[in-house]
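Welcome, and please get your viewer ready for a short walk. We will select a few residues in turn and look at what is around each one.

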Amino acid sequence: MDFMLEEELMDLMTFCLQNPDSAEVIEKKKRITEIGSELFLDGGLDALENFFFALKNRIIQEIEKDPSSLRSLWNGLTTEWHY
């Protein structure tokens, strides 16, 4: 399941970074938030950190854009995650 979520997050984040003016971005960001919630419920803060670290490295390598601005979509899942 983790691999599937990682791939979905990769696709969603890549789309948001490459198409910031698209009408679909709102929907895709909502799904990123939902997946973050699933990850947190399953593995806690460590899961969020690990997933984001791996995704950030992949996205930077593949499209040369930094997804750090999308970290804030997971704010509110835990008080320890505040970006």
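Start by selecting Trp-81, which counts as buried because its relative accessibility is 1%, under the 20% cut-off. Keep in mind throughout that this is a predicted model.

Phe-52 counts as buried at 2% relative accessibility, and Trp-74 counts as buried at 0%. The ring centres of Trp-81 and Tyr-83 lie 4.9 Å apart with the planes at 65°, so this pair is edge-to-face. Ring pairs join Phe-52, Trp-74, Trp-81 and Tyr-83 into a cluster.

How many aromatic pairs are there by this rule? The count is 3. For Phe-52 and Trp-74, the centres are 6.0 Å apart and the planes stand at 80°, so the pair is edge-to-face. This pair links distant parts of the chain: Phe-52 sits in helix α2 and Trp-74 in the segment after α2, 22 residues apart.

Select Arg-71 next, in the segment after α2 (25-63). Its charged end sits over the ring of Tyr-83, 3.8 Å from the centre, and a polar contact of 3.1 Å joins the side chains of Arg-71 and Tyr-83. Beyond its neighbours within four places in sequence, Arg-71 is also in contact with residues including Glu-49 and Phe-52. Is Arg-71 buried or exposed? At 14% relative accessibility, Arg-71 counts as buried.

Finally, trace helix α2 and stop at Gly-43, where α2 bends by about 130°. The end C-alpha atoms of this 39-residue helix are only 17 Å apart, short of the 57 Å that a straight helix would reach.

Notes
Residues are numbered from 1 along each chain as its sequence is written. This is a predicted model: local features need pLDDT of at least 70, side-chain atom pairs count only at pLDDT 80 or more; totals for chains, interfaces and linings use all residues. Side-chain values use heavy atoms; hydrogens and water are left out. Helices (H or I, at least four residues) and strands (E, at least two) are DSSP runs, numbered from the N terminus. Buried means under 20% relative accessible area, exposed over 50%, partly exposed in between (1.4 Å probe, protein chains only). A polar contact is a pair of N or O atoms within 3.5 Å; within protein, one must be able to donate a hydrogen and the other to accept it, and residues adjacent in sequence count only if both atoms are side-chain atoms. Contact means heavy atoms within 4.5 Å. The expected span of a helix is 1.5 Å times one less than its number of residues. The bend at a residue is the angle between axes fitted to the seven residues ending there and the seven starting there. Rings of Phe, Tyr and Trp (its six-membered ring) pair if their centres lie within 6.5 Å; planes under 30 degrees apart count as stacked, over 60 as edge-to-face and the rest as tilted. A charge sits over a ring if NZ of Lys or CZ of Arg is within 6 Å of the ring centre and within 35 degrees of the ring normal.
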